[in-house]
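Hi there,

Here is the structure I promised to pass on to you. Have a look at it first, and then read on for what I found.

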Amino acid sequence: CWFVRLSDVRLFESEGNYVRIFFNDYKPLILRSLNSLDERLDPKTFFRANRKHIINLKWIDTIEPWLNGGLLVKLKGNDKIEVSRRQAVKFKEMLSL
C-alpha cells in the first residue's frame with residue numbers, strides 16, 4: 001500500500017481493467033479504468049494523450065512532431081508517450097504551441 005501525491009505520478013497506463021501508475025521507481029497496478037481516473041483528475045495537470053495513457057504535464061521533458069500529425073512526448077524518467085493525432089490538436093491548443 002502506497003500513499004502517493006498526485007504531483008509525484010508522471011504517467012497512468014491502461015492494462016485491461018487495471019491501470020499501472022508510474023511514480024519514482026514503482027509501477028503498481030490498481031483496479032480502475034483509465035476513463036474513471038480521467039474524469040477525476042485535474043485537466044490542468046493531467047492530459048489524456050491517447051486511449052492508453054494519461055500524462056502529468058509537469059513531468060514533460062520534450063515534445064517532438066511524430067507520425068501522422070501526432071506528437072511524441074518524453075517525460076522526465078525516460079518514458080516516451082505518443083500523443084494521438086486527435087489529442088495532439090487539443091494538446092497544442094492547451095499549451096499554445
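Val9 has Phe23, in strand E2, as its bridge partner. The two strands involved, E1 (residues 9–15) and E2 (residues 18–23), run antiparallel and are paired over six bridges. (Two strands count as paired if DSSP finds at least two bridges between them; helices, H or I with at least four residues, and strands, E with at least two, are DSSP runs numbered from the N terminus.) Two residues lie between E1 and E2 in this hairpin, and Gly16 in the turn has a positive phi of about 70 degrees.

Before going further, a word on the source: this is a predicted model, in which local features need pLDDT of at least 70 and side-chain atom pairs count only at pLDDT 80 or more, while totals for chains, interfaces and linings use all residues. Residues are numbered from 1 along each chain as its sequence is written, and side-chain values use heavy atoms, with hydrogens and water left out.

Back to the strands. E2 also pairs in the antiparallel sense with strand E3 (residues 29–30), over two bridges, and there Arg20 is opposite Leu29 of E3. The hairpin of E2 and E3 has five residues between the strands, and Asn24 takes a positive phi near 45 degrees in it. Further along, strands E4 and E5 (residues 53–56) are antiparallel partners over three bridges, with Arg48 bridged to Ile54 in E5.

Which order do the strands take in the open sheet of five? The order is E3-E2-E1-E5-E4, with antiparallel pairing. E3 and E4 (46–48) are the edges; each has a single partner strand, so one side of each has no neighbour in the sheet.

Now to helix H2, which lies across E4 and E5 and runs at about 150 degrees to E4. (Axes are lines fitted to C-alpha atoms, for helices over the stretch in contact, and angles run from 0 to 180 degrees between N-to-C directions.) Its buried residues are Gln87, Ala88 and Phe91. They cover an arc of only 105 degrees around the axis, which puts them on the same side of H2; the arc is that of the directions from the helix axis to the C-beta atoms. Arg85, Arg86 and Glu93, on the other side of H2, are exposed. (Buried means under 20% relative accessible area, exposed over 50%, and partly exposed in between, with a 1.4 Å probe and protein chains only.) The buried residues of H2 pack against E4, E5, E6 (60–65), E7 and E8, and just after the helix Ser96 has a positive phi of about 55 degrees.

Ser84 sits in the loop between strand E8 (80–83) and H2 (85–95). This serine is partly exposed, with a relative accessible area of 25%. Not counting residues up to four places away in sequence, Ser84 touches Ala49, Asn50 and Gly70, where contact means heavy atoms within 4.5 Å.

The largest nonpolar core has 14 residues, of which Ile55, Ile60, Val73, Leu75, Val83 and Phe91 touch the most other members. (Such a core is a set of buried Ala, Val, Leu, Ile, Met, Phe, Trp, Tyr and Cys residues joined through side-chain atoms within 4.5 Å.) Strand E7 (71–75), E8 and H2 each supply at least two of its residues, and E7 gives the most, with three. A second, separate core of ten residues includes Val9, Phe12, Leu37 and Phe46.

Best wishes
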